[in-house]
Amino acid sequence: MAKQPHILCEPGDVNDIALVPGDPGRVDRIAAQCDDSTVVAENREYKVVNATFEGRDLTICSTGIGCPSAAIAVEELSNVGCETFVRVGTTGALQSGIEIGDMVVATGAAKNEGTTRRYEAVEYPAVPDYEVLTALVDGAEANDEDVHVGPIASDDAFYAEDDAYVRDWEDAGLLAVEMEAAAVFTLARRKGLRAGAICTVDGNLVEGTQKGETEGEELPEKAKDNVERAIRIALTAATEL
């Protein structure tokens, strides 16, 4: 098989499990918690690094923002040998009481995006693999961390998330909204592969806080700190998958 056109990898370049953050900068933060790491490829929003954590070989690949680029990452990583995907992202809370810095493990993602509709009907669920979901919850417990566990939404219109959308998501009991999980879950399911997601809360839309509004940077300080804790949980989960 030829080298993949966006991630610039070919069979043998990646491991069977990949941690997939959106932010290329978070690839380096994940690699920093590993025992060793090697950059495999870097192109556009996709940075691919191989690493080892507690004896588990894994790949880290950024997906960029949104379901279209996340779908490309899953398609191309699976083409060259990746079978399990763990999204390590950030998210905006949709329920009162979920604080900046809290972590959410997704049990499903509403398809408020257009990418997965090119693959299947919107009625088909975007859900994580049970083993990956369980490994993330167990990974949190192993690290003495509390996580919120429940459904989220994946939306592809960050600046169109108005009050009506937020109220509807809140009333539906969704915990948080982000931009990639629905595509990662959907493509993994359709390909017979495994996927899960853990996201750190960077704002609360119900309580009127958005990332970037309080401290002049994209993520509040507490969210930045807790991204490191979510990474640790994801790496712990990877050792069990």
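Q: Which backbone oxygen lies 2.8 Å from a polar atom of the side chain of N204?

A: Please keep in mind throughout that this is a predicted model. The idea is to look for pairs of N or O atoms within 3.5 Å, one able to donate a hydrogen and the other to accept it. Here the backbone oxygen of I98 lies 2.8 Å from a polar atom of the N204 side chain, and the backbone oxygen of Q95 lies 3.0 Å from a polar atom of that side chain.

Q: Where is N204 found, and is N204 buried or exposed?

A: N204 belongs to strand β9, which covers residues 194–204. A residue counts as buried when its relative accessible area is under 20%, and N204, with a value of 1%, is therefore buried. Leaving aside neighbours within four places in sequence, N204 is in contact with A93, Q95, S96, G97, I98 and T209.

Q: How should I read D57, and which side chain does the side chain of D57 join in a polar contact?

A: D57 is found in strand β4, residues 56–61, and its relative accessible area of 39% makes D57 partly exposed. The side chains of D57 and T52 are joined by a polar contact of 2.8 Å. Not counting residues up to four places away in sequence, D57 touches N15, D16, I17, A51 and T52, while the C-alpha atoms of D57 and A18, which are 39 residues apart along the chain, are separated by 9.5 Å.

Q: At what angle do helix α2 and helix α5 pack?

A: Two packed helices are described by the angle between their axes and the distance between the axes. In this model α2 (residues 67–79) and α5 (residues 181–190) pack at about 30 degrees, with their axes 8 Å apart. Because angles under 35 degrees count as roughly parallel, α2 is roughly parallel to α5, and their crossing is right-handed.

Q: Which residues make the contact of α2 and α5?

A: On the α2 side they are C67, A70, A71, V74 and E75, and on the α5 side A183, V184 and L187. The residues of this contact divide into seven nonpolar, no polar and one charged.

How values were computed:
Residues are numbered from 1 along each chain as its sequence is written. This is a predicted model: local features need pLDDT of at least 70, side-chain atom pairs count only at pLDDT 80 or more; totals for chains, interfaces and linings use all residues. Side-chain values use heavy atoms; hydrogens and water are left out. Helices (H or I, at least four residues) and strands (E, at least two) are DSSP runs, numbered from the N terminus. Buried means under 20% relative accessible area, exposed over 50%, partly exposed in between (1.4 Å probe, protein chains only). Contact means heavy atoms within 4.5 Å. Axes are lines fitted to C-alpha atoms, for helices over the stretch in contact, and angles run from 0 to 180 degrees between N-to-C directions. Angles under 35 degrees count as roughly parallel, over 145 as roughly antiparallel, 65 to 115 as roughly perpendicular and the rest as oblique. A crossing is left-handed if the near helix is turned anticlockwise from the far one by less than a right angle, and right-handed if clockwise. Ala, Val, Leu, Ile, Met, Phe, Trp, Tyr, Cys and Pro count as nonpolar, Asp, Glu, Lys and Arg as charged, and the others, Gly among them, as polar.
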